[in-house]
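Welcome! Let us look at this structure together and ask what stands behind the words used to describe it.

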Amino acid sequence: MASFSPPVALFARAMPPIGTAPADPETREALALFATHVADRAVLLTDPDGAILFCNDGTERLFGYDPRHLVGCDVADLMTGDVQQARRDRHRAIRATTVRFETRCLHVGCGPFDADVTITPIPGDGGRLRAFGYSIVDISDRKAAERKLAESEAHMRSVLATVPDAMVVIDDRGRIQSFSAAAERLFGYREAELVGSNVSVLMPLDHRARHDAYISRYLRTGEQRIIGSGRIVVARRKDGSEFPMELSVGEAKSGNGRIFTGFIRDLSDQQRAELRVRELQDELIHVSRLSAMGTMASTLAHELNQPLTAIAAYLEAARRLVCQTAHDGTRVGEAMDAAGREALRAGQIVRRLRTFVARGENERQVEPLAPLIEDASRLALTGAREFGVRAFIKLDPAADDVFADRVQVQQVLVNLIRNALDAMRGAAVADLTIRTRRDGDVIRISVIDTGSGLPSAQIPRLFEAFATTKPDGLGLGLSISRTIVEAHGGRIWAEAGAVSGSIFHFTLPAARSGSGS
Amino acid sequence: MTGRRTIHLVDDDEAVRQSVAFLLSTYDVDVVTYPSGEIFLAGRADATPGCLMLDIRMPDLDGLEIQRRLADESFDWPVIFLTGHGDVRIAVEAMQNGAVDFVEKPFYGARLFEAVDCAFRHFDRTNAARRATQLLSTLSERERQVLVALVDGLSNKAIARSLGISARTVEAHRAHIMGKLHAESFADVLRIALTADKGLVSIIDHSRQLSPCR
C-alpha cells in the first residue's frame with residue numbers, strides 16, 4: 001500500500017505464466033495485426049509505470065484521439081485522470097494476474113462514458129515485468145439499460161410500497177415473487193417470510209388445495225375465471241383470521257414463464273358498512289310498515305271487531321239455548337258452527353296483519369303474484385267499503401310469478417292503495433283498479449284511482465323523502481316504496497289518470513323469462 | 001205493552017247481522033235485518049213498529065245519518081246504536097239526538113238485552129203516551145178544563161165555583177171523562193193524563209185562563 005511502484009522482484013516470483021504466445025512469426029504478426037485493428041475495443045500497452053507504448057485503432061474510436069499522439073501519455077489520462085488510482089489498479093493486476101473493473105473514461109469530444117477495463121501484466125524475459133496490456137470496452141449502452149432497469153425497479157418498489165391495495169405477484173407455479181407493503185399490513189406477514197412460498201398460504205385452509213389446480217387449469221386451457229375481472233373471495237391472515245377481499249388478477253409474460261399480479265382490496269370495512277346500510281334500510285322499511293299499520297289501526301280494530309262481535313253473540317246465544325230445559329241441538333250446532341267460522345275470519349285478519357308487520361327475512365323468492373296482491377289489497381282496503389270505494393283487480397295471466405320479497409312488495413302495494421283511498425275521499429266516483437301486465441322480463445303493477453289527482457308540479461318530487469301532498473303525511477311512504485322497488489331491480493313512477501285521478505306503476509322482475517305472449 | 005217485540009237491525013256486516021239476530025231470537029225478540037240504511041228507510045213504512053238498532057260505521061249512510069233523517073220525519077222508535085269504537089264524541093251525539101242506548105261491540109248478551117229492554121220500555125211508554133194523547137183528544141173543551149182542575153187536586157165544589165157551573169155538572173163531566181178515557185177509577189184517569197205525550201201541557205195550554213201555570 002505504501003509504494004505504488006510494483007516491486008519487480010515480488011512480481012517476478014508471483015508472475016504466473018499467461019498462455020503461450022505463438023512461436024510461429026507469421027501467426028505472431030497476425031495476432032499483432034488483429035490487436036491493432038480490432039475495432040470494438042481499445043487495446044493498449046503501457047510500460048510498468050502506465051505510459052502508453054502502443055494503442056490500436058479501436059482506441060481512436062473510443063477516445064477520439066489519434067493513436068500516434070497518445071504514445072507516451074499516462075494511461076490514467078484516458079480514464080479518470082487519477083494517476084495514483086491507475087497505479088493501484090495495475091498493482092492489483094499484478095497480484096491477481098489480471099484485473100477487470102468498470103470505470104468512467106473520457107472521449108475527447110463527447111465527454112465521459114462508462115467502460116469495462118481489463119488490465120493484464122505482461123511478463124518479459126526472466127519474469128521481469130515488461131508491460132501492461134489494457135483492453136477497454138465501451139459499456140455505456142449496457143449501463144444505461146441497467147440504470148433504466150434499476151430505476152424502473154425502484155419505481156416499482158415505491159409503487160408497491162405505496163399502493164393502498166395490497167399487491168401480490170406470483171409465478172406460474174403459484175410461488176410468491178413479491179408482496180407489497182400494503183399486503184404486509186393486510187396479511188401480517190413480512191415479504192421476506194413469504195417470497196418463494198405458495199400463495200395458497202394466504203387462503204383459507206379449505207381453499208388451499210384447489211388453488212394450484214386453478215392455475216394449472218388456466219395454463220392448460222387458457223380459460224379465464226378470475227384473470228381480468230374482479231372477484232370477492234375470502235383470505236386468511238397470518239394470525240388465522242379470515243376476511244373478505246376483492247381480488248383482481250393481471251397476467252404478464254416474463255422471460256421465464258408467466259407471472260400473475262393480484263391486487264387485493266380489503267372489504268371488511270366496506271362490507272360492514274354495506275351491511276349496516278342494509279340493516280338500517282331494512283329497519284326503516286320495517287318501521288314504515290309498522291307505521292302504515294299504525295295509521296290503519298283503528299280501521300283494523302273495527303274489522304276485527306266484527307267477527308269478534310259475531311262470535312260473542314253466537315256463543316251467548318248457544319249458551320242460552322243450552323240452558324233451556326228442552327233445547328234444540330240443531331240450533332246450538334248452528335250457532336257453534338257460525339262462531340267457529342267467524343273465529344277463523346278473525347284469524348285471517350290477524351294473520352295478514354302479523355305477516356305484514358313481522359320483521360321479514362328479507363328473502364326474495366319466486367312468488368305467485370295473484371295471492372300476493374289479493375292479501376295486500378284486502379289489508380289495504382280494510383274499511384274502504386265504508387267510503388263507497390269499489391275495487392277491481394285485473395290480473396294478466398302471463399304476469400304470474402315475480403321474484404321478490406313478498407312482504408316488501410305488499411308494503412308498496414298497501415302504501416299505494418292507501419294513498420289512492422285518501423285521494424278518493426269525497427270523490428263522486430271512487431273506483432280503485434289494480435292491474436298487472438307483463439312487459440318482457442318485467443311485470444308491471446299499476447294502481448289506478450279516480451281521486452283528486454296529482455298536481456303535475458309534484459310528480460317529479462313524489463318519490464323523494466319528506467315530499468308529501470297530504471296535510472298530515474310524513475312523506476316517507478313513496479320514498480320507501482321506491483327504495484323497495486329499486487332494491488328489487490324495478491322502477492316506480494306516477495302519471496295522471498286518463499280521465500281523472502292518478503296512476504302509480506312499479507315493475508318487478510318476472511320469475512320466469514318472458515315468452516313474449 | 002203486549003205482543004211480540006220487534007227489532008230492526010241495520011248493519012253492513014252479514015256475520016254481525018246474523019249473529020245478533022240469532023242471539024236476540026233466544027231473548028224472544030223478532031229481528032228484521034237490513035244490510036244498509038237505504039234499504040231500511042225504503043221499507044220502514046210497512047215495517048212492524050219496534051226498536052231500531054243501528055251500526056255507526058257503514059258505507060254510504062252511517063248510523064248517525066239514518067237517525068238524523070228519521071228525526072226529520074218525527075219518527076219515534078227508540079234507537080240503539082252499535083259501534084266498534086268507544087268514540088265518546090259519537091256516543092254523545094247519538095244520545096243527544098235521542099238514542100236510548102249505545103252498545104260497544106263486542107258485547108255480553110246481558111248488555112245487549114239491557115239495552116233492548118230499555119228500548120222496549122221506551123217503546124211501550126211512547127205507545128202509552130200516544131194512546132193517552134189520543135184518548136185525551138176525544139175530550140171536549142169543558143171536559144179538559146175539568147180534568148186539569150181535577151189533576152190539580154181541586155174539589156168538585158171548587159171546580160164548580162171556578163168554572164161557574166154547578167157541582168152536579170162537574171160530576172157529570174167527570175163521569176164522561178172516565179168513560180171517554182176507558183178509566184175504571186180516578187187513578188186510571190190520572191195515569192192517562194200524566195202519560196200523555198207531553199203530559200197535560202197541551203191541555204193546560206187550552207185551560208190557561210182557569211188554571212194558573214206553575
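Two strands pair if DSSP finds at least two bridges between them; strands (E, at least two residues) and helices (H or I, at least four) are DSSP runs, numbered from the N terminus. This is a predicted model, in which local features need pLDDT of at least 70, side-chain atom pairs count only at pLDDT 80 or more, and totals for chains, interfaces and linings use all residues. Residues are numbered from 1 along each chain as its sequence is written, with chains lettered from A and ligands numbered from 1 in the order in which they are written.

Q: How do you know that strand β14 and strand β15 of chain A pair?
A: Pairing asks for at least two bridges, and β14 (residues 431-439) and β15 (residues 442-448) of chain A have 7, in the antiparallel sense. In one of them, A:Thr433 has A:Ile448 in β15(A) as its bridge partner.

Q: What makes β12 and β16 of chain A edge strands?
A: The open sheet runs in the order β12-β14-β15-β17-β16 (chain A), with mixed pairing. β12 (390-394) and β16 (492-496) each have a single partner strand, so one side of each is left without a neighbour in the sheet.

Q: Which strands of chain A stand at the edges of the sheet that has antiparallel pairing?
A: That open sheet of 5 strands has the order β2-β1-β5-β4-β3 (chain A). Its edges are β2 (52-55) and β3 (99-107), each with a single partner strand, so one side of each lacks a neighbour in the sheet. β3(A) pairs with β4 (residues 111-123) of chain A over 9 bridges, and A:Glu102 has A:Asp116 in β4(A) as its bridge partner.

Q: Why are α6(B) and α8(B) called roughly perpendicular?
A: Angles of 65 to 115 degrees count as roughly perpendicular (under 35 is roughly parallel, over 145 roughly antiparallel, the rest oblique). Helix α6 (residues 141-151) and helix α8 (residues 167-180) of chain B pack at about 95°, with their axes 9 Å apart, and the two are therefore roughly perpendicular to each other.

Q: What makes residues of chain B count as in contact with chain A?
A: Two residues are in contact if their C-beta atoms, placed from the backbone, lie within 7 Å. By this rule, 20 residues of chain B are in contact with 22 residues of chain A. Helix α1 (residues 14-25) of chain B gives the most to the chain B side, with 7 residues.

Definitions and conventions. Axes fitted to C-alpha atoms, helices over the stretch in contact; angles between N-to-C directions.
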